[in-house]
Structure formats: C-alpha cells, structure tokens
Protein chains: 4
Amino acid sequence: MAAIKDSVHDYITLNPLAQELLDTVEFQRLRHIKQLSTVRLVYPSANHTRFEHSLGVYHLATQALDQLDIDADRSKHVRAAALLHDIGHGPYGHQTEGLIHRHTGRDHDEIEWLLTNGDPFAADSETTVPDVFSRHDIDPARVAALVRGDGELGQLVSGELDVDRMDYLVRDAHHTGVPYGTIDHGRLIRELRLIDGELVLAEGNVQTAESLLLARAMMNGIVYRHHVSRIAGAMLARACEQLLAEQAVSIEQFQRMADHDLLVALHEQVPKLGRRIERRQLYKRAVWAGVEAVPAGLMEFDRSDEREAAREIAAAAGVEETEVVVDIPSRPRLKESATQVVVGGVVQHLEDASELVSALRSAERSQWRLGVYAPATAVESVRSAARDCFGIQT
Amino acid sequence: MAAIKDSVHDYITLNPLAQELLDTVEFQRLRHIKQLSTVRLVYPSANHTRFEHSLGVYHLATQALDQLDIDADRSKHVRAAALLHDIGHGPYGHQTEGLIHRHTGRDHDEIEWLLTNGDPFAADSETTVPDVFSRHDIDPARVAALVRGDGELGQLVSGELDVDRMDYLVRDAHHTGVPYGTIDHGRLIRELRLIDGELVLAEGNVQTAESLLLARAMMNGIVYRHHVSRIAGAMLARACEQLLAEQAVSIEQFQRMADHDLLVALHEQVPKLGRRIERRQLYKRAVWAGVEAVPAGLMEFDRSDEREAAREIAAAAGVEETEVVVDIPSRPRLKESATQVVVGGVVQHLEDASELVSALRSAERSQWRLGVYAPATAVESVRSAARDCFGIQT
Amino acid sequence: MAAIKDSVHDYITLNPLAQELLDTVEFQRLRHIKQLSTVRLVYPSANHTRFEHSLGVYHLATQALDQLDIDADRSKHVRAAALLHDIGHGPYGHQTEGLIHRHTGRDHDEIEWLLTNGDPFAADSETTVPDVFSRHDIDPARVAALVRGDGELGQLVSGELDVDRMDYLVRDAHHTGVPYGTIDHGRLIRELRLIDGELVLAEGNVQTAESLLLARAMMNGIVYRHHVSRIAGAMLARACEQLLAEQAVSIEQFQRMADHDLLVALHEQVPKLGRRIERRQLYKRAVWAGVEAVPAGLMEFDRSDEREAAREIAAAAGVEETEVVVDIPSRPRLKESATQVVVGGVVQHLEDASELVSALRSAERSQWRLGVYAPATAVESVRSAARDCFGIQT
Amino acid sequence: MAAIKDSVHDYITLNPLAQELLDTVEFQRLRHIKQLSTVRLVYPSANHTRFEHSLGVYHLATQALDQLDIDADRSKHVRAAALLHDIGHGPYGHQTEGLIHRHTGRDHDEIEWLLTNGDPFAADSETTVPDVFSRHDIDPARVAALVRGDGELGQLVSGELDVDRMDYLVRDAHHTGVPYGTIDHGRLIRELRLIDGELVLAEGNVQTAESLLLARAMMNGIVYRHHVSRIAGAMLARACEQLLAEQAVSIEQFQRMADHDLLVALHEQVPKLGRRIERRQLYKRAVWAGVEAVPAGLMEFDRSDEREAAREIAAAAGVEETEVVVDIPSRPRLKESATQVVVGGVVQHLEDASELVSALRSAERSQWRLGVYAPATAVESVRSAARDCFGIQT
C-alpha cells in the first residue's frame, strides 16, 4: 500500500480506495484551503492545509476502525467520510461558512450533493469523487450521513470523540508551536468502545476525556480566538459579502473557490479590504467587551444585525461603512461536555462525571468578547459611536 | 521587545528595527511565497513560507552576532540583511528564478534596487523597506552586499556557514517530516569565529562542518530533488514561460507576484498546464537518465536548448509542444566543500580536512538525472523520440 | 562559557560559578537520584535524574533573572539556589522525605546545614559547595532562604510561579511520553513581573497561569499518582523504615545515599521487599477507596497511624506484617491557586480570577485514593480485614 | 493487548508472550542497565536503559514481521529474540564485555545458556525466561541463533539492517539531544524485503541505506566515542579488573550484576577509582594520538598488552599503577557496509552501490585515537613516559 509522509503522524498508509480518492479534484482542492485561515497572521508557521489534516483524520479513523473491529463494508464508508469530511468547506473554511449558509442554506458538512454529483467545475478529463464511489460501490448518502455525525460510527467522524478533533488539535499545536493541543490520541483511540449504539470511552478514562476538553479550551483562548485572527477573519467575511453583493462571482463559484482564488478576487474586486488582508494591514479594536459589559440579547445577534449595527455606527462616527466591522460571536457551546465515559460500569455524560466541565463552560463564557474594529485613524470616533449604539458601559 | 511564536525556534524576539521591517509590504509578501514551492506535492505538510523562514534566519543571525560580538552599526545591517534576504524571490521562489534572470538579468539575491526604491507596486499608504531604512539610518547598498555574501559578515548571510541554510534545513525537516535536515545549529553558531576576515568553525569541528554537508546531501536526494517535485516544477516553469510569452503579464509584474497570484494567472491564461499543477495531475517520466547514460555536453544545456529539444521531441512524437517538458539540471556543485575549519591551529577548507567531501561530490554526480516528462498517454511516444533526440543509451 | 547539551532545553550555558558548583560532590550526587523515583515502573523511559533537572532549573532561572533585570549580587545567589535546590533530597527523592523528616526534623528544602558544612561524607580531596561559595563570596544563609521560597526572588525558586515546576513539567513529559506537561515556559518567563515585592504574571495572562495548573493536574492523575508508582513507593518507604529500624545504616548515612546505594542496601538488608522493588514484583491493591467511601478523619492519618493500621490488618488477616502496606495520601492542596496575576491593572490571586481553580480543587479531591496493598495471594484476606479496620463501605 | 507508553515510539503494544517475558527476572534486570553507560557523564540526559530499548526493538521487529509477512511460529521466535537480545549484557553493557569474554569465553550475544537455564541467581518464587518459553513452546536454541544473527530473520535482530540499531540510534538521539541519530525507521522497515534468504532493501533505497551508515558515523564521533565517555569507560574497565582480581566477587556474580550493584561494589572494593567514577572526578588525557602518530601494530593490542603498557608507563613515570589507564580501541569496522540493497534489479552490497562507504571507512580511521589517561597532577610525567613507551611522534 502507498504511504504518505506526514509531519504529525509520520507515515500514513493509504488503501486503494483512499489512493483513488486522493486524486480527485474535490480532494486535491483541499491543498489550497488552509486549516487555520487567518490564524497564520498571528502564528506565522500555521500554514497547514485541510489536505494533510484530512489525511490525518483518515489515519486515525483507520486506527479506530481496527480498535472497534468494524466490518469491511462499514469501514470503507467511514474511511471515505473521514477523508472527505472537509470537501464542503468554502475558501478560508469557517470564515466563509456563515455567508455560504445564508446563500445556499447548507453548512460545510452537508455534502451529499457534492458526493453525488461531484464538483460542478471539474473538467471532463478530471476524476471526481462520484467516479471513485461507483468503482468501489460506495453509497454517497451513507457517507454524507457519517459526515453529519449520524449513527454510532458517525460519532467517530463528527461527534464529541471524533478523530477530526484529535487530528486538528495535535496538528495545530505542531504548526503554531503552542503546545496545549498535544493530546494523547493514541490513548483516546485505544479506549474507544461501542456500547448500545454509542461511542464511549472505557472505564478509567474520565481524565482522558477531560484532556480533550482542556486542550480545546486552551487552544480556543490562545490560538483559535486570538483577537488578531478574529479581526482579520471579520474583515475577510465583510469583504466576501461585498464580493457577492457586487455579483463579481456567483455563490456557486464562490463556494468552490480555494484560498488563493479568493485572495485574488478580493484584491481585484474589493481592493481596499483585500489588500489590507493580504498585507496584514489590519483594523484595530475600537471595542472589545466581555459578557458583563454588554446588554443581554447581543449574543443572539445574527450577521444582518451586525451589518445593521455597523452601518449605524459608521454613520454616527462619520466614516465609510467599510471602515467599521462588527464581530459578535455566538453564545459559546462546549460540545465535548456530552462525551460519554464509562464510570463504575455505567455510561455517563462527561459533565456528570467531571467537575471541570461546568468550570470550563464558565471560563468559555468569561472569554467571550464583542469586537468592533476600525482603521487606526478612526478608532476613537468608532469607539464612542459603537458604545452608544450597543449601550456598552465603560 | 516583541516576540513571535515559531514552530521551529519557539519565541523569536524582534528588536524595533525588525518589528518595523516586518510590517513593510515587501516583507509581508513573503507570507505568500512557499519555502519549498512544488515539494508540497510530495510532502503535503510542507506548506511553510519564506516569511517564517526569514524570521528564523533573523533569529539565528542575532545569535551569531552575539557570539561574534559585532558592534551595533554592523549588527543592524546584518539583521536587516538576514530578514530581507529573500524579498527578491519571484513567485514559487527558485522555480521562477531562471526565467526572471533571463528577462531582467537579476538573480533573487540582487536586491539593491528593491531595498533602495521599494516594491514598485506598493500603494502610497503602505510602508516600504526604504521608509524603514531611512528612519534607522541603514544603507541599502551595504545590506545588498551582505545578501550577496560579500565580506566576512556576508558569509554569515550567504556563504558556506550561513544562517540561511541552518534555518532551512531544520525547518524543512520539521515540515516535511523527513528527519535528515535536523542539524545542531546551536553548536554551529557557538563554534563560529572570525579569523583574518573569514568566517570559520573553531578547532575540533570537522564533524560539525560535515554534518551540514551531509544534511544537505540527504535532503537533496530525499526532498529537494524528489522527481515528483521536479516534474511539477518543470511544468510550472514551462507554463510561466508561456504566460510571459503571451504578454498576459509583464516581467515587472511577474517578479513581484506571490504564489497565489501566479496560480490564478496560470489557471486563467495557461489553463491546461495551470489546472494540472493546481490539481496535481502531473506529467509522468518518459525519460529519467543518469550521467552515464547521457552524452557529454548535455549537462551544459541552458533553458533555450531545453525548449529547442522539447520542440524537436514533440514534433517527432506527434504531440503538442506543451506536452513535452525537458528538465536538465545543471552540473551539481557542493558549495559547502569550501567551509573553513580550524584544524591543528590552521584554517583549512573542509575538502582538505574531510574524506567525505569528495565522496559526497561523487554521490551528487551519481544522483544527477535528466528528465523528460509527458502526459501519461503520450509517455511511450515521447520516450522514444527523446532517446533519439538526445542519443540516450537504453 | 561552557555549555551542556540537554535533551529538553538544548544547550544550557553555564557561567563560571555554575561550572564550579557542577563539580562539587553534592551536585554530582544528583546524577544518581532519579527525578521520578518509582514512576519508571509505569513509564519505563522516565529515568531522568535530578542532575539534569537542576541544570534545567538553572537555565530557566537565568532567563527569568534577565527578564526581571536583577543585579549581579542577587543573581548569583538565585543561580546557586536554582542549581542546588534539590541537593537536600534523600535517595528516591520524595519517597523518603517523610521518613527523613521524622528522624531529622528537616524537609528536603532545608539545606542551610549542607550549604554551610558540605556533605559530611565528602573525602578531603573532593570539592564541596562551601569551597565554591567562599571563592565566589556567596552567603549560604541567603541561598538557603531562596530555596525555602523566601522573598520575591525566593518565589522564583520555590513558589507558585517557580522555575522548578516549569522545568519538571516539561521534562517529565519529554521522558514519560505523556504530553500534558508540555507548558509554554517561554511565555511564562517573558510575562513575569515583580510588583510590590511579589512575583506575578503581567496583564492578559490568566490563561497562561491556568495552563500551569492544568498541566500539573493532568500530570498528577496520569503520571505522578499512578497507582503502580504509588504501590512501589509505599513498599519502598516501608522497606526503608525497616532498614533504619534495624540500624543497618544510620539516618546520617541514609539521607546522603543515592538511589543505587539504597537499592543495594535494601536488597541486602530487607531482601524480600528489596528484591520485589528491584524486579518489579509489586503488591496488588487490596483496597483502593475514594473520599466518599472512607470515614472522615482518615485523611489526617500520619505515618505512625498507617503503620498501626497495617499491623492491625495483618493480624486480622493472618499474614506477616510486611505483607500489608497502607498508603494514605494527605489532603490534596492546590498550591498554584495562589499564583498572582495582573487583571485589569490589579494583582489578583488566580483563584479569584479563574473559574477553573475551584473545579480543579474538587477534581483533586475526587482523585484522592486510600490504598492498601498486599501480595497477590493475600489480597482477599487483607481486603476484608482492611475494610473492617477502616470502616470502609463496599 | 497491553500497551506501554514509550517516549520514542509512543504506545508499544505487547502480545501475551511479550507480556509474560516482561515480568521475568532476566528482563526486569535490564531496567538497571543503562543503554549508554558512561555517555551520561557527557550528555546528562542520557539515562535511558536497555529495558525500554528492548521494548523498542520488539516494537520495530513486530512491524518488520508484518511487513515481511512471517508466519506465527517464526514470528514468536523473532519477537522473543528481539525482546531478549540484550539480557546477556553484564553491568554497564559494552564496557564490561571484554572482561567478561576473557573470563567466560562468551560475548553478550551468546545467550543460549541463559535462555535455557534462566538467571542462576533467580529466587524460586521468581519467573524466569525458561518458564515462559516452555509455556509458549519456544525453542531457546532458535532464539539464541536469532540473537547471534543467524539466518535471514537473524539479520533482522542482529545484522546490517537490524531493528536493534534502528531503535538505538533514534533513542540515543532523543535522550542525548544530539539530532544525528534520528533516522527514518518507518521507511527502512517499509522497504525491507527477503530475497534469496537475505534481508535487503528494495529498489530505490541506496540513500535510505546510506542514512543508517551516516547516522552511526555521526553518533560515533559526537556521542559514542566522546573522549570523556571513553575516559570514564576505561577507568571503569580498569576498576572492574581489580574487583575480579581481588576476588571480591566471582565472575558468575559479576556478569549478572546490574549497574547499581557494580557501582556500590566498586565504591566499596576499589574505592579510589570507584568514587572517582561515581562523582565524575575523571582522569585527564595524557596522550590522545591518531593513526598517523602511532606505530603500526598498536591497533592490534589486546587488553593484556594494554595492562602491560600501563604498568611500564606507571613505573617510568613514578606513579601508582592505577593512575595510568591505557585505552586502545580496536581497528574500526564499518559493519553497515555489507548492507544489501536492490539496485537495477540486482542485490548489491552497499559498498558497491555507494560512494560514501569507503569515505566513511577512511573517516572512521581518521577518528581513531589512542588514549592514555591519568590524574590531573600526573598528566605531564605520564605523557612523557607513554610517548617513550609507545614510540609516539610529537
């Protein structure tokens, strides 16, 4: 079997199905979508892509399938799901997810259409995922369900104990240089069990489960939600809205772009913001306010509320509308709290077995921040307008 | 002082000069130029850029300046040279260097024009290197000379014992997962001495010097000259020639493009080759011949000879001209053989102190390969035409 | 300056004082005292010693002194304290600490006697710490006070933010292979400040402080308090008591033994237990009970209560007294909760700034276990006797 | 299956046979024999033992057996051989090997007696290797033959491409911090083939084979033959001779000692040298002469010639006999040069396929050094006496 050298897992062995999927246009496109999008503007070594991440997820899924002793037919569907779980991402991954959802109604993990029809922009001479699926007798609907997290094996692909998270935590740590994501995935996989249709950790692993939770909490604060990355991400989302609004590209084209396509399109069509993102000339924080400082209700804002607020603030501050970017994260969730662990012979949710879960939930809440960003020269006027607009206490 | 987290050297501390240079358009552009260009098609984790590499070179240069106890004025010029040594690279670095040289007469390390005038495409609102140089009283001509390797401290920036190589070997090992580049740069730097205007390694370091040589030799064979990377690189160079020939972009624009600009331009202007590179639908080896199998003289071929041969082969094989790519590396050099080491109190060239140097020179020669590449369907006809054309023994 | 290669921090540079201290008998003895004593019976790669750990602590202390800009006189005392902080340990470190304290009234960090008089068993021809101190004009009382944690710089050697913990967490992770100790010591040191005579972390570092706490909590559960290591440690403590009770060695000799001396002495003088420890023929858990299952008051047991209980259980179970080992850890403390961090311009204790502290305190409590150990063949009878003795609920 | 955490290979899975062998007295003794004996006096982190090394060898052997698709009966013998290949070592491994050979006629890898009879000092209650072998129907003679390197699978345990070397190079690099041993064992094992009863590397792996050779050559010079380690090793060998000469212990006891037993025995019976080794008060180099400087014939000296020379030098210098230690390494061999590789479809010896082999052979020769060591105070007189004795040119 072929093997690919990976800087995280060393050799990743590919079976014939995986080798063929690797050569499809849908999978090759992932070479051009960075795993951490704008985080590289803070941690300059973090240029890894969803391509090698997907290989890593495939690698861990293969180990988990061995551990759980799954039959060949189910295994091939899980392997395909592991490898392809990210092909539905638009350019810059999560940064454009909301926008694509508003236009298409689809999240990045709803990929049945793509698995069934293949990339609409593939040339005739190019191999697509459906070509490979039909050769290997793989049902796109079953793969799509696994990617959505359905069923006991779907939990392995997308759930509290999924191999997606195990790979990205370790990989992001390797590439940022921030150690806190380095979990013991070997142990997590060795301790997986299927009990009554649920994927759980065997007896004696409350702390193993907590380690996942803690690693994510630390990486959230230090890496994923770093304010510089958030500023760049919000500017990017803002620029993409304008790109679509000006009908420079269709949503169909947009969602199949790769990072480099988007960077060039923004540079050409939304030059001010585009160039700023490319050359890291970022806006500054005019407002950066925690849960206690903002009125209740703000956490429920959606993107159109954000845009409305930005318009209002810009008008009040006397600056151009594109010079105000409002960034209101949604209410923090702590998905891993639903991890199931065997304790004293009984399957329990981690939040019932661990004192840490509720503390981490509070910690997540206390790390929440509303951001309003503007060019350095406009920061003062935007700050005062934004405080008025949102009713923020000083 | 500010610090940046790096996955290789951990924290890199930046002095005020470095911080300001970091924010220039010329330096920020390096975020978008990958260190190993097409190697990522073989080693998918190798997506690191010349941005973080340049930070690493700055970091090691700072250590070396401390070790050598260099005064402040010379130090600031060396620091600037270390940080900026790669800003003259075109998109995809070495892969486009020959082409740019043929059009402009300049190699990537001739950057006095750029240090003096700044990036010609910078907007007025953007900070350029000359802005920073004038604030810090730095002479662009001196920096350019250091980047060329002139003088005893120029050897530190570009020479047999330069910090450029020390960084890239370790960094490329970290990101490819191939361990052989992991040299002991700490020791190399601790053992640096300036003796009679030459940068040398102190007594007792023949093996330290050999380690650099061996690391490069191993990385050459396994990473830098991997045939898949060479095929993609040769296809890219071929596509770029066409891009310029069709005057879709000027050479002035071309040389200041970043990787993503080039990828989009090729995709749009040279679609067949462009798309193949983007989606890794690479040509196959029709010919792959070593020194013994090819006629003397072939090693001296230049790019126009290559193009001439490709035309001839395509005609003989009855395929389109773009379906034949000829790739003839120049005669291998072993630059590190000139490393100077103190042996028995006398400064010697490594090749006089080490048995390994001549063996490595032979090994390099035996690894040399002429390549002719073509689409899978045309491989047979191209092979036979190419053998005739070059007079290659079977 | 001399440099020593370390597998964790790479080169550790030693100033002349450190070089001379390195060659003293007191410091060289640390080569023979393992950092993690019986943990190696669970994690076989964990054979590192207090020698290289002490070098690591010296290395980090040097960085912290630079960061805090401390003058030469105070610095040399801190360097000496960092390097020598562990020379008061008996064989097997913490495992014999209680025993030595009962006989001498001294803890391992009370070392003024040793710094003043030197190792009582040093030969005349050997260099001791007092020899070096007098050459370098170092006051043993000041060094001893720093090792005890007195004063603002004492907190750097022994306190909530000490470099001791920073080194051992990372080193233990490196050698066990358990990743959770790998903290970002570079950041912790960069963020140290002295404010009003207290060592604190600068603004924006609540999560940095939490990372230390979490790393210790994870390593506690997975490494330091692993039940196999606890069993071996309790057997060792029991065997040492007997060694001293039989007056085979004096307490003066005992406390200056190295690991290998103790292993041979136990093998010869307490052969049954000694051989079992050497060949890892460990007792099994007859009882392993958490806080909820045991009567209040048990947590306050001291060593003589343990011995009394063991005698009683052995009699009831009809086995030899040495075949019952009772192991009651003291009430868990969470020393790091007193870490001081600047939040909103005010120095706060971490427990007031972090939701995690109280959760970790609860988690520590829920991980507490009383252990009673016996040879495999006696486990059943000892279990039932022990439950009666302690009044443990089933 | 059980798994053990290793700092080099992460989890090592043990089958039931391996688990039982792990608990034998012969295997547990390896916990107390350091892999690199006196190297830790130069690289203080290098305290790893033959216990975890043997687990690593077992781990790689298991991977190789899978790769080569070996049947269950042969596999179990190879697994046993991999795990037990080092149990014949005396204390301090190679440092006492010559001495034991002179007394018993056996090298460390002749272990049939031990596999058949078990450790002669095992207590009745302890499990020995023969107990486990009889339970698992394993033939000690076959295992012994594999450990000696007999047969195609013997080459896997002890030969040019053995997993022993693959493990120790990587492990020694991890623990010393010297990177040069970090080979790509994953690739080496993937490329193993059995062709005509020989273990070879598949086509395309000349450089893979060279990497092993180069890693050993670098580690030899920088780690294994570091002069400080050689001095301590020669002092230790000298002290052991005296220990046996004084009949303080029998050769039967001596060869089954562990490191700590020997250290205590030397301390007690040969106190001057013993204490010096324990506290690193090492002799200095009076003579350190290369091949060119010494008369032909010296390379053929055996240990009794060395002792004779030491006596003569001591007399001439007017110092005690134990104050002169003569250390003459045997002629360097380059075992890996016989590695077999498929080149152009034909199995070739590496030395016929690689230019590097003969260069490394010369390099090894040029690194050879004769050493004569003495206490600092006696260095001058011993130097001049030694030069006379050996006829060394200045």
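These are my notebook entries on what I looked up in this structure, a predicted model.

**Ground rules**

I number residues from 1 along each chain as its sequence is written, and I letter chains from A and number ligands from 1 in the order in which they are written. Since I am reading a predicted model, I take local features only at pLDDT of at least 70 and side-chain atom pairs only at pLDDT 80 or more, while totals for chains, interfaces and linings use all residues.

**Entry 1: chains B and A**

I looked up the contact between these two chains, counting two residues as in contact if their C-beta atoms, placed from the backbone, lie within 7 Å. I found 31 residues of chain B in contact with 30 residues of chain A. The elements of chain B that give two or more residues to this side are strand S1 (2-6), helix H2 (25-28), helix H3 (50-68), helix H10 (163-176) and helix H15 (259-269); here helices (H or I, at least four residues) and strands (E, at least two) are DSSP runs, numbered from the N terminus. H15(B) supplies the largest share of the side, 4 residues. By class I noted 10 nonpolar, 12 polar and 9 charged residues on the side of chain B that touches chain A, where Ala, Val, Leu, Ile, Met, Phe, Trp, Tyr, Cys and Pro count as nonpolar, Asp, Glu, Lys and Arg as charged, and the others, Gly among them, as polar.

I then asked how the two copies are related, superposing them by least squares on the C-alpha atoms of residues with pLDDT of at least 70 in both.

**Entry 2: chains C and B**

For this pair I found that the contact takes 5 residues from chain C and 5 residues from chain B. On the side of chain C, strand S2 (10-14) and helix H11 (185-190) are the elements that give two or more residues, and the side divides into 2 nonpolar, 1 polar and 2 charged residues.

Chain C can be laid on chain B by a turn of 180° and a shift of 0.0 Å along the axis, with an RMSD of 0.0 Å. The two copies are thus related as by a two-fold rotation axis. In chain C the C-alpha nearest the axis belongs to C:His9, at 5.7 Å. The same surface serves both copies, as 100% of the contact residues of chain C recur in chain B.

**Entry 3: a helix pair in chain B**

I looked at helix H4 (residues 72-84) and helix H8 (residues 140-148) of chain B, whose axes come within 9 Å and cross at roughly 60°; axes are lines fitted to C-alpha atoms, for helices over the stretch in contact, and angles run from 0 to 180 degrees between N-to-C directions. H4(B) and H8(B) are therefore oblique to each other, given that angles under 35 degrees count as roughly parallel, over 145 as roughly antiparallel, 65 to 115 as roughly perpendicular and the rest as oblique. The residues that make the contact are B:His77, B:Val78, B:Ala80, B:Ala81 and B:Leu84 of H4(B), together with B:Arg142, B:Val143, B:Leu146 and B:Val147 of H8(B). By class, this contact has 7 nonpolar, 1 polar and 1 charged residues.

**Entry 4: a sheet in chain B**

I found an open sheet of 3 strands in the order S5-S9-S6 of chain B, with antiparallel pairing; two strands pair if DSSP finds at least two bridges between them. The edge strands are S5 (284-290) and S6 (325-327) of chain B, each pairing on one side only, and the twist from one strand to the next averages 15°. S6(B) is joined by 3 bridges to strand S9 (residues 369-374) of chain B, and the bridge partner of B:Asp327 in S9(B) is B:Gly371. Helix H20 (residues 379-390) of chain B packs on the sheet, touching S5 and S9 of chain B, and its direction makes about 30° with that of S5(B).
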